[in-house]
Every structure is written in structure tokens, then in C-alpha cells.
Amino acid sequence: MDASANTKKMMAERVDTVSSGPGVYLMKNDEGLVIYVGKAKNLKKRLASYFKRENQTDMKTGVLVKQISQFDTILTNSEQDALILEANLIRKYKPRYNMILKDDKRYPLLRIDITTHYPNITIARKIKKDGALYFGPYASAGSVHKTLKFINKTFKLRKCTTQSFKNRARPCLNYQMGICLAPCCFEVDPGIYREIIDEVALFLKGKTPELIRQVKQDMAHAAQDERFEDAAQLRDKVYALEKTLEKQVVVAKDMMDRDIIAISRGDHFSLITLLSVRAGILSGSRHFPFKETMADDSELVGTFIVQYYENAPHVPGEILLSVLPDDHDLLTEWLKGVKKTSVRLYSPQRGEKLALMAMALNNSAKEREEMEIQGRSRVDLLFRLKNRLGTRNVPEYIECFDNSNISGTEAVSAMVVFKNGKPFKSGYRKYKIKTVTGQDDYSYMAEVLLRRYGNESPDQMLPDLLMVDGGKGQLNIALSVLKELGMDQAFDVIGIAKKDEAKGEIRDKIYKAKRSNPVNFGRDGDLLLFLQNIRDEAHRFVITFHRARRDKKLRLSVLDSIPGIGPKRKTALLLHFGGLTGIMNAREEDLCAVEGMTASSARAVLEALGQGTSS
Ligand code: SF4
């Protein structure tokens, strides 16, 4: 009997001792690592299905079973408790073969902090339990910006982000443009402001028709009371809202809120697609890919529901599912408990809802196919790049550095990362040059490479390929730094240099170690284009960083040229107002209140900053 058959026999014997009650099981590999967590109404029966069956009907389950060396069980008082414990353990262990919904920052949200007096509306990437209202998630940054722009134009919420109005002497341009009530400077009834927040919330919940009805009523009252200016403004609002409605697609005549969840399974990964319908209008679609999950469709949908709705800002009254989980009653109860609301989970069989499900399934299958094709072409590109450059590894993880400075001042460097052919933004890094004075690109490069691959971040993952912006000079610097660190064999390095049009060159050049001529890409022009894109991204990133630093310095240097403001007063002002913007918004009396300031120095500050004294 081989080792795995022996282990399976031992597991099967252990199953006999397991309770038949509800609970959670943890599968572990031979290193003791938890690779799968599941729940069961009857633990003994569930575990027997893994270890007592002669041949696994499902190939994936067969693969999992072969990796299991031991299991643990935790008995719970109820199935409901098992559901919650399972979710907690998945979160804790992140087992390889469970579906884990990532904290996906691709889908932005809108946030209104109703704990403040006069909340503004901002874009957020994560829902926090902070008492604020969250809306979305939105399908893209573009769609959230479009919505925000519309709200800022149509409703009179404040646009500034300052926490305190203390230092503001007069309203900004938003007030003059008639799109802010200016609570910063005028007494604004918090009740009226709250009504606007409620209107924005209705709009963001997709209840535009209801909102239009309300605004029309307000318009009629305003006209009746002969407040014609107000009535005209409300008319414009109705018009703007009606225009947004024209662009929306009504997919359900009952005008209800519902989510539709469909699964599309493939050989390499599965995809869950979620369509959101709000007040009968299709308001968004999102896709969640999962790799290597051992769960069947029923388990997959169940786990998705728990992980997704646990943190969702809104749970609709109905959730349509392409596969109804075996434990849907349990999930319904759980949703009711967590969200304090009744939710109906079901698989539609006919009519409009079946058509919605067909739409979701179709979208899911198409999206997965596209992802597979894109994935395949990226994999193909990286393999061809390995062959063309002759690198040790397929360059799945590429790091690229670029520097920026103006005449040797404010020198900075930045690193971008491309993972599996796509930008990996959480890997990006910015560096302020610390040890080099003057303009010396080679030394900047040496410093940042030493910091990146030396002691500063020893645990960080190493790339398959390092790219430096520049020709042979920068490449040689990179090679000598890596040699100094004893890492010259750890990964490959290339330099990318701009074409010299004066010499008649028609494309950028890629330089490799031990080779004097640039790499010839022949027919693989797309590989060079790919490397140019990485270099351009590094350039964009470092320039943005450099500009931000330069602008900050320029703004602060304005204070240095004000008569009567020496280093002491400058520091006191910056500390007191938290920065130049605070100082610019301050009144003369506020400036005078700062230690060391006088009326004349306060006036000098206001004049220098173009604020003067109000008449
Ligand atoms: S007018 Fe006042 S409250 Fe409105 S955005 Fe400008 S500074 Fe903020």
C-alpha cells in the first residue's frame, strides 16, 4: 500500500470516531497547513464522503483528498454557528482551496460621513464601520467620477474636505457658482442640509423616479409661495435628474431592488458575476474570478453570499441565484440576522427573472472567455519575452526604476511593478534620494537599487526581471550594485534607452549584460512595446511624485519671502494651521493669535498670499 493510500485508510478510520452533529472541519497537508475549511450539518457523513468513497466522482475533490494528511473538526451547537465559524476560519487561514473574496479595491464606493454636521461626499475604497453611509460599489473609477460630478453639479452639498471651517473667511467659488450652500461662512440650517443628503441618498440608491416626484412637489410649493427663484432652481434639478433617467436601462417592470448571481466555471478558473438591479434599473455588474477552489457550485455560491454580503453597503430584498445552495434556508436566516432584513434567495424558473438570470449567465460566460484569452495571450507574451531576452525565468514579476530631478534638486526615484504582465500598483515604491547631491543619475540609481535590494527591505519578493531606465551606463550601475550585494545571479537585468533620432534610430533600445548591441526584437515588436509601456508607467509615476514634492516646496517657500516672517514665525504658523492652505484661509485675527505674530505681520502674510483684508 502506498503512502497516500495508507493516509486515506487512517483518515477513514478516524472518520468513524467523528460526531454526527453539525460543525466545521479543517483539512491540513503534511506540513500542517490548513488547505481547506468546510462546514457540515453532519460532520461524520461529510468527512466519509472524502475518505470512505473508493473513487471520487469529482476530479478536483480527488486532487484535494490526495493532499490531506490530517483533519480537525470543531463541533458547533447549530448549523448557523457552523456557518459563522467557517467564515471566520476561512478569513483566518485563507486556505488555498477555499474561495476567498479579496478586498477588491478595483470597485470604488461613494461615502457620506453623516456623523459630521455638514457632510460632503467622497470616494472610498473600503467600507469601514464608522457610521458613514456608503454607496456602490461602482464598476469603475470612471463611473464613480461621473456620478460624483453629477451630484456636485446638481446638489448643493459642500465640496471642500476640510474638517473645520474655523479659518475660512469667505466662501470659495463653489458658492458663487450656486452649487454650495457655504456652511463654512453662513448659517445653514442643518435640517435643510440633511434634506439634501437624503435626496442624494435616494439618487444613489437608484430611486431617481421617487426623487423626481419629491422635487416636483417642492417646485410646486415654491411656485405657490411665489418663491420663483427657488422654483426655477428646482426645475433645473428635475431636468438634470430626468436626463440621467433617459440613459438608464429598465430591466424589470416591478421596479424592485435585486441582485443576480451567476457562475461560469472553466478549466483554469471560475467566475461569479453579480448584476445589481436597483428600482428595476440595471445599475452595475461585477465579476469575481476564483482559482483552484475545491467547492462545488452550491458551496461556492453559499460562501460567496456570506463573504460578499457581510460587508456590502446594501442587501436587496431579492437575490436570484443560478445555483441554489443546499443550505439556502440557513443563508436566508443568516442574512436576516446580519442585515436585519428579509431577503429571498431563489433560482428563477420563468418570466422576466429567468431572462435576467440568462443575461447574468451570458455575461459571466463571455467575461470568463475574454479573461482566458487575455490570460493566455499574456502568458504567451511573457514566454516569448523570456526566449527573446534569454532570461533565467519567465518574467512574471518585473520591477522598473526611473529617476527625476530638476538641476539636481528634489531628486527622487520610483519603482513600478508588473505582475503577470499587468501593473501591480500595491508593489509600487517611491524614494527620495538621500545621499546624492547635485545631478548624477548613475548615483541616484545606485542609491535606490541598494535600498531596494539591500538591507532596507530584505523580506521583499525579488523580481524575475529588473529594468532600469537608461542605456548601458544605467545597466552597468545596476549590475555592479547587484554584484556588490551578491545578487548578480538572482535575477536578470535590462536597460531601456530612448532611440536617438539624430542617428537615424527608429526604435528604443534594450540592453542586456555582456552584450554590446541592443537586443534585436525581429518580428516580436509587441515585446518591445510591452517593455516601453512599463518604462512609460515608471516615468509617469516618478514625474507625478516629483511634481508633488516640487509644488509643496514652492508653496512653502512663499512664506520665506514675506517681510517680517522669519523661520520662527513660519514654523509657528505652519504648526498652528497645519499647512499653507490653512494659513491662506485664516483671518487676520486668527493669524494674530499665533505666538510671535503681530497685526502688521499678519497683514503682511495676508497680502503676500493674495488674501488682503475683507472690506
Ligand atoms: S463654499 Fe465653503 S463649504 Fe462650500 S465648498 Fe467652498 S469652502 Fe466648502
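These legends go with several close-up views of one predicted model.

Local features are described where pLDDT is at least 70, side-chain atom pairs count only at pLDDT 80 or more, and totals for chains, interfaces and linings use all residues. Residues are numbered from 1 along each chain as its sequence is written, and side-chain values use heavy atoms, with hydrogens and water left out.

View 1. Let's start with the overall picture: the chain holds 19 helices and 18 strands. Helices (H or I, at least four residues) and strands (E, at least two) are DSSP runs, numbered from the N terminus. Along the principal axes, the C-alpha atoms fill a box of roughly 95 × 80 × 50 Å. Of the 615 residues in the chain, 44% are buried; here buried means under 20% relative accessible area, exposed over 50%, and partly exposed in between, with a 1.4 Å probe and protein chains only. The domain assignment gives domain 1 (3-93), domain 2 (258-370), domain 3 (397-551) and domain 4 (561-608), with bounds that come from an automatic or database domain assignment. Taken over C-alpha atoms, the centres of domain 2 and domain 4 are separated by 57 Å.

View 2. Around the ligand are Arg-158, Lys-159, Cys-160, Arg-168, Pro-171, Cys-172, Asn-174, Tyr-175, Cys-180, Ala-182, Pro-183 and Cys-184. A residue counts as near a molecule or strand if one of its heavy atoms lies within 4 Å of it. Sorted by class, this shell has eight nonpolar, one polar and three charged residues. In this scheme Ala, Val, Leu, Ile, Met, Phe, Trp, Tyr, Cys and Pro are nonpolar, Asp, Glu, Lys and Arg are charged, and the others, Gly among them, are polar.

**View 3. The largest cavity, with the ligand inside.** Which cavity does the ligand sit in? The ligand sits in the largest cavity, where "sits in" means that more than half of a molecule's atoms lie within 2 Å of the grid points of a cavity or pocket. The search uses a 1 Å grid over the protein atoms alone: a cavity is a set of points where a 1.4 Å probe fits but cannot get out, and lining residues have an atom within 4 Å of a point. The largest cavity holds about 90 Å³ of space; grid points are joined across faces, edges and corners, and a volume is the space filled by probe spheres set on the points. Its lining has 13 residues, with Arg-158, Cys-160, Cys-172, Cys-180 and Cys-184 nearest the centre. That lining divides into nine nonpolar, one polar and three charged residues.

**View 4. Two loop residues, Cys-160 and Gly-178.** Cys-160 belongs to the loop between α5 (141-154) and α6. Cys-160 is partly exposed because its relative accessible area is 29%. Gly-178 is found in the loop between α6 (173-176) and α7 (190-204), and its relative accessibility of 35% makes Gly-178 partly exposed as well.

View 5. Leu-83, Glu-86, Ala-87, Ile-90, Thr-303, Val-306 and Gln-307 form its lining. Two elements, α4 (79-93) and α10 (297-310), each give two or more residues to this lining, and α4 gives the most, with four. By class, the lining of the second largest cavity has four nonpolar, two polar and one charged residue. Domain 1 (3-93) and domain 2 (258-370) each supply at least three of the lining residues.

**View 6. Two residues with positive phi.** Most residues other than glycine have a negative phi. Asn-420, though not a glycine, has a positive phi of about 50°. Asn-420 is placed in the loop between β13 (409-419) and β14 (422-423), and counts as partly exposed because its relative accessibility is 39%. Lys-514, also not a glycine, has a positive phi of about 55°. Lys-514 lies in the loop between β18 (509-512) and α15 (525-560), and is exposed because its relative accessible area is 89%.

Conventions: On a 1 Å grid over the protein atoms alone, a cavity is a set of points where a 1.4 Å probe fits but cannot get out, and a pocket is an open set with protein on both sides within 12 Å along at least five of seven lines; lining residues have an atom within 4 Å of a point.
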